Amino acid sequence: MTNEIATRDEQAVATAGPKPPTNELMEWVESARQANLVAQSLANTSFAGAYRGKPDEITAAILTGQELGLQPMTALKSIDVIQGQPALRAHAMRAIVQHQGHEIELVESDDTHCVMRGRRKGAENWQTVVWDIPRAQRLGLLGKDQWKKQPKTMLIARATGELCRLIASDALHGLPYAAEEVDSYVHGEVAPAKAPLSVAALTAPAAQPPVAQTVPAAEPEYTVARDDQHDDDAWRQEPDSEPTWPAAAQPPAN
């Protein structure tokens, strides 16, 4: 009797088989579908900001924020798309790193330099990062519009990106650069990607300048002599150059 029960148990286990593993990709697809539904609702509202009218970009921002632990509305205000790539704003990068338990401190900052320090959770030693105007000048940054308008903010953003990568790159999940560090950053806007050059564009002949049309010169204007004028002034031309007369129209000699 005992052998029969044991045999039936073994057969039941063999029939049931191992539990199929969870398909993470399918779960992500479902998350993307749900995110797109949210994006469709937000796309035409003022809350979408620079993403207004762009549900696909909103979906991507929500999914990217989800991987970073950001709620959908926070993701819309924290992630910019620059040259087709998502990038975190500096304040959002600091928030993510600090939320993970790492420490970041702004030591000092003005329009000419910024000193920040940070340390990883559980570490004893602080890491210090310094950004100043001479460093920005060596990288050719000072000619950019945002650096002219708000150098202090841009110095802090640069120091933030470098420090966060230094102490907690794992918390950034593939978004290592602050939006303010990326070329073509437009102060919290979704910057349009530049169209790549095509072979046709590179090999097309140079456009010829338009041919200037020759405008005939205006006929010279002459003044009519009065009776009280001297004969030398009778045939004066405006301006003071002497006209060229045909042989049959020469004025009589004095």
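**Figure 1. Helix 5 is followed by G101, whose phi is positive, near 100 degrees.** Helices (H or I, at least four residues) and strands (E, at least two) are DSSP runs, numbered from the N terminus. This is a predicted model, in which local features need pLDDT of at least 70 and side-chain atom pairs count only at pLDDT 80 or more, while totals for chains, interfaces and linings use all residues. Residues are numbered from 1 along each chain as its sequence is written, and side-chain values use heavy atoms, with hydrogens and water left out. In helix 5 (residues 90-99), the buried residues are A90, A92, M93, I96 and V97. They cover an arc of only 160 degrees around the axis, so they lie on the same side of helix 5. Buried means under 20% relative accessible area, exposed over 50%, and partly exposed in between (1.4 Å probe, protein chains only). The arc is that of the directions from the helix axis to the C-beta atoms. The cover over these buried residues includes helix 3, helix 4, strand 2 (85-88), strand 3 (103-109) and helix 8.

**Figure 2. S78 is a residue of helix 4.** S78 counts as buried because its relative accessibility is 5%. Its side chain reaches the backbone oxygen of T74 at 2.7 Å. This is a polar contact (a pair of N or O atoms within 3.5 Å; within protein, one must be able to donate a hydrogen and the other to accept it, and residues adjacent in sequence count only if both atoms are side-chain atoms). Leaving out residues up to four places away in sequence, S78 touches L70, A87, L88, R89, H91 and A92. Contact means heavy atoms within 4.5 Å.

**Figure 3. V182 lies in the loop between helix 8 and helix 9 (199-203).** V182 is partly exposed, because its relative accessible area is 25%. Residues up to four places away in sequence aside, V182 touches I82, A87 and Y177. V182 and I82 are 100 residues apart in sequence, yet their C-alpha atoms are 7.3 Å apart in space.

**Figure 4. Helix 2 has buried residues that pack against helix 3 (55-68) and helix 4 (72-78).** The buried residues are A32, A35, A39 and L42. They cover an arc of only 80 degrees around the axis, which means that they are on the same side of helix 2. An α-helix has 3.6 residues a turn, so residues three or four places apart point the same way. On the other side of helix 2, M26 and S41 are exposed. N23 caps the N-terminal end of helix 2, with a side-chain oxygen 3.1 Å from the backbone nitrogen of L25. The 19 residues of helix 2 (residues 24-42) should span 27 Å at 1.5 Å a residue, and the end C-alpha atoms are 27 Å apart, which agrees. The expected span is 1.5 Å times one less than the number of residues.

**Figure 5. Helix 8 (residues 151-168) is mostly covered.** Of its 18 residues, 13 are buried. From first C-alpha to last, helix 8 reaches 25 Å, close to the 26 Å expected at 1.5 Å a residue.
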